[in-house]
Amino acid sequence: MGKSEIKDYGLLADGRTAALVDRTGSVNWWCPSRFDGPSVFCRLLDEDGGHWSIRPRDGFEVERAYVKGSLVLRTVFTTAQGSVAVTDMLALEPGVRGHQIGRRSPGVLIRVVEGLSGVVPLEMSYSPRFQYGRVHGYLVRRDEALVATAGATTLRMTASVPLNNNSDDASAHFRVGTGQRETFVLAYAPTYGEPGRLAIDAQQAVDETVESWRSWARLHEYQGRYAELVRQHALVLQGLTYQPSGSIVAAATTSLPEQIGADRNYDYRYAWLRDFSMTLHALWVAACPDEANRLFSWVASTVGQVGDRPVPIMSDVEGERDISERQADTLRGYSGSTPVWIGNEAWRQRQLDVLGEVLDAAWLLRDYLDPMPEEVRDLLRSLADRAAGAWREPDAGMWEARDMRRHYLSSKVFCWVALDRAVRFGERIGDADDLARWTRARDEARDTILREGWNDDVGAYTGAFGSDKLDASVLVMPIVGFLPATDPRMRATMGMIEDQLSHGGLIRRWDGDPAAFFLCSFWMVTCLVLAGEHDRASALFENLADSANDLGLFAEQIDPYSGAQLGNFPQAFSHIGLVLAAWQLNRVSTDTM
């Protein structure tokens with residue numbers, strides 16, 4: 001078998017963390033304690049990084065799908081001898097339903113092999129490698145389990161077939177006939193904490209977990225055009241949510257490259273305010289706004305009292321801000337793309353767009369923030385005050401430039417959004433003096449953006465004041481209501497981006513971006529809808545939706561020529577873009593009925 005591509009992976013999730021399993025039945029990524037915790041399987045980033053594989057011994061063909069309404073994955077292997085199904089999942093706590101799922105998940109990865117026809121020989125290979133491949137834990141037998149411990153992490157495997165092991169690894173060779181079922185349970189527990197559940201009925205856990213996911217899905221019955229797609233992608237966003245706090249990670253992985261062999265590799269297993277706000281918008285579209293107070297209270301506690309201090313743009317999944325980067329020098333990287341990073345230095349940056357993104361999400365969910373918690377009111381007032389002064393300042397921008405600060409147009413636009421939404425909130429968050437100050441700053445920011453953001457020589461709004469470089473981030477202007485998409489200058493900008501940054505509807509962020517960015521491509525769909533070009537928008541949307549893998553999952557980027565997915569996976573931004581674009585297309589369909 002060759003190395004799995006990024007698009008070959010499926011997502012398993014339990015509200016605390018995620019695992020990735022490829023089409024050959026190998027779990028190649030799992031950080032069992034939480035999304036941003038240390039890995040026990042990371043063959044995704046190094047052949048020797050640890051894995052857990054179950055597959056037929058001989059050649060096979062693969063079909064797979066999620067069990068409807070869940071993130072439980074069923075893979076069917078068809079061989080010359082017959083066929084088997086492998087059901088993979090991260091277990092949810094028994095009995096939990098609706099919005100309670102994922103808050104107390106047991107940390108158990110379950111795999112069930114079921115014979116469908118014939119008699120199929122299979123092999124199981126288990127190689128845990130702890131702390132990003134740094135540590136080989138000792139595998140020892142205790143009662144009926146294989147136990148591996150390394151530092152703070154303990155794994156306990158039980159199986160219905162005999163297991164062979166040495167000090168590092170375990171394996172099994174077995175046959176499964178029609179109607180026969182074999183089970184494998186891998187339970188995580190902190191070495192020095194409470195022991196995990198010791199007795200788990202694998203099939204009962206599968207049934208319980210499917211029903212738990214479906215109970216959440218039933219609360220969020222989006223109706224409209226592309227309904228099944230919207231529900232599916234909302235479920236992925238739920239899978240990327242760390243339920244104990246409500247934070248949403250940008251992606252489940254670290255250091256999957258934007259360009260093979262290059263060094264644009266970053267750790268996305270953290271919570272950005274930008275992603276959080278956009279996800280709330282997407283979940284609102286998908287009829288999932290129920291926990292607005294809890295989630296905004298999490299933002300308020302994470303940001304803290306702003307005052308004169310910098311507004312944090314991101315944190316770990318529980319709100320810690322210092323997530324300084326370090327290299328995992330034991331890992332050779334995906335397809336040799338190094339370095340592999342743990343942490344993300346962007347936490348130190350100033351990114352002014354987050355001010356507007358948080359206030360925009362709050363305005364969208366205003367009916368669910370009534371009564372508004374005091375800490376949320378203070379947060380929104382503080383962000384508006386910051387936008388009133390900071391909109392004149394340079395920043396790192398939403399693409400997190402690491403060379404120098406610039407006067408990015410999208411950052412200015414989102415400062416305008418912050419002020420505009422604050423004025424709309426009125427006395428719910430500010431007094432008369434606040435509203436007058438925010439109104440003046442909003443109008444001054446708008447005049448300046450329209451004057452300084454346009455470049456006559458280029459014939460478009462460019463990425464930063466004084467720049468002649470196109471940047472797809474300016475597509476947010478009509479989306480947030482700053483300018484209508486029919487405005488002649490905005491329409492010209494859209495045309496320039498399509499002409500110079502697009503290939504087959506796949507849009508790069510800037511000239512020289514190594515691959516197209518899914519979110520920007522979905523932004524263009526929304527802009528076309530707003531410009532009245534509904535047929536073009538629908539065609540582009542459907543082409544983009546078809547660019548997902550066979551499970552409907554998107555990475556951050558896609559090579560517009562080869563179709564290879566690139567960057568961290570699955571990426572919240574990409575799924576958010578699809579949901580919001582589908583909503584805009586549905587609004588058009590509803591209005592024209």
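1. Ground rules. Because the model is predicted, local features need pLDDT of at least 70 and side-chain atom pairs count only at pLDDT 80 or more, while totals for chains, interfaces and linings use all residues. Residues are numbered from 1 along each chain as its sequence is written, and side-chain values use heavy atoms, with hydrogens and water left out.

2. Helix H4. This one covers residues 273–285; helices (H or I, at least four residues) and strands (E, at least two) are DSSP runs, numbered from the N terminus. With 13 residues at 1.5 Å a residue, H4 should span 18 Å, and its end C-alpha atoms sit 19 Å apart, which agrees. The expected span is 1.5 Å times one less than the number of residues. Twelve of the 13 residues are buried, so H4 is largely enclosed by the rest of the structure. Buried here means under 20% relative accessible area, exposed is over 50%, and partly exposed is in between (1.4 Å probe, protein chains only). The buried set includes Arg274, Asp275 and His281, along with Leu273, Phe276 and Met278, among others.

3. H5 against H7. The axes of helix H5 (residues 292–303) and helix H7 (residues 374–390) come within 9 Å and cross at roughly 60°. Axes are lines fitted to C-alpha atoms, for helices over the stretch in contact, and angles run from 0 to 180 degrees between N-to-C directions. H5 passes H7 in a left-handed crossing, i.e. the near helix is turned anticlockwise from the far one by less than a right angle (clockwise would be right-handed). On the H5 side the contact is made by Phe296, Ser297, Val299, Ala300 and Val303, and on the H7 side by Glu375, Val376 and Leu379; contact means heavy atoms within 4.5 Å. By class, that gives six nonpolar, one polar and one charged residues. Ala, Val, Leu, Ile, Met, Phe, Trp, Tyr, Cys and Pro count as nonpolar, Asp, Glu, Lys and Arg as charged, and the others, Gly among them, as polar.

4. Glu182. Look for it in strand S14 (residues 181–190). Glu182 is buried, with a relative accessible area of 11%. Its side chain makes a polar contact with the side chain of Gln180 at 2.7 Å. A polar contact is a pair of N or O atoms within 3.5 Å; within protein, one must be able to donate a hydrogen and the other to accept it, and residues adjacent in sequence count only if both atoms are side-chain atoms. Leaving aside neighbours within four places in sequence, Glu182 touches Arg111, Val112, Val113, Ser160, Val161, Phe174 and Val176.

5. Ser105. This serine lies in the loop between strand S7 (82–90) and strand S8 (108–127), and it is buried at 11% relative accessible area. A polar atom of the Ser105 side chain is 2.4 Å from the backbone oxygen of Asp14.

6. Cis prolines. The Asp370 to Pro371 peptide bond is cis, with omega near 5°; Pro371 is in the loop between helix H6 (353–364) and H7. Phe569 and Pro570 are also joined by a cis bond, with omega about -25°.

7. Positive phi. Gln131, in helix H1 (residues 130–133), has phi near 55° without being a glycine, and is partly exposed at 33%. Glu400 has a positive phi of about 60°, and is buried at 15%.
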